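Have a look at the model first, then read on.

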Amino acid sequence: MKKIAMLAAATTLMLGACATAPTTTMEDAKAAIDMAKQETAKAEKVNYAWRDTGDIIKKAEEAMKKEDYASAVKLANKAKTQSMLAQQQYEDQKNAGPRF
C-alpha cells in the first residue's frame, strides 16, 4: 500500500511540473521585437514589406509596455514570420515577368 501511495505522489509531482507554463520575461519580449524589426527592415530594403507587419510590431510594443510579455512575444513572432514570408515572396517573384 505504501508503494502505491508513493508512486501516486511521485506521479502527481511529475505531472504538476509538466503542467507549469514557462514564464515569459521582458527580455524575451524585447528580443522577439528586435528580431521582428530586423526581419522587417530586410523586407523593407527590397520594398516587399507587408501592409500590417508594422502595426503588429506596434501592438507588440504596446503589450510589452502593459507588461503582457507573452502577448508581446506572440505578436512579435507573428510580425517576424510575416517579414520572413515577405522576403521569400520577393525571392520567388524577383524574376517574374510575362512569358510569351
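This is a predicted model: local features need pLDDT of at least 70, side-chain atom pairs count only at pLDDT 80 or more; totals for chains, interfaces and linings use all residues.

Buried means under 20% relative accessible area, exposed means over 50%, and partly exposed lies in between (1.4 Å probe, protein chains only).

Residues are numbered from 1 along each chain as its sequence is written, and side-chain values use heavy atoms, leaving out hydrogens and water.

Let's start with helix H2, which covers residues 26–45 (helices are DSSP runs of H or I, at least four residues, numbered from the N terminus). Buried in H2 are Ala 29, Ala 32, Ile 33, Ala 36, Glu 39, Thr 40 and Ala 43. They fall within an arc of 130° seen down the axis of H2, so they line one face of the helix; the arc is taken from the directions from the helix axis to the C-beta atoms. Those buried residues pack against helix H3 (53–65) and helix H4 (69–93), with contact meaning heavy atoms within 4.5 Å. Turned away from the buried side are the exposed Glu 27 and Lys 45.

Now for the salt bridges: the structure holds 4, each a side-chain nitrogen of Lys or Arg within 4 Å of a carboxyl oxygen of Asp or Glu. Among them are these:

| Pair | N to O distance |
|---|---|
| Lys 42 and Glu 39 | 3.4 Å |
| Asp 52 and Arg 51 | 2.9 Å |
| Glu 91 and Lys 94 | 3.0 Å |

Lys 42 and Glu 39 sit 3 residues apart in H2, about one helical turn.

Terms used. Helices (H or I, at least four residues) and strands (E, at least two) are DSSP runs, numbered from the N terminus. The expected span of a helix is 1.5 Å times one less than its number of residues.
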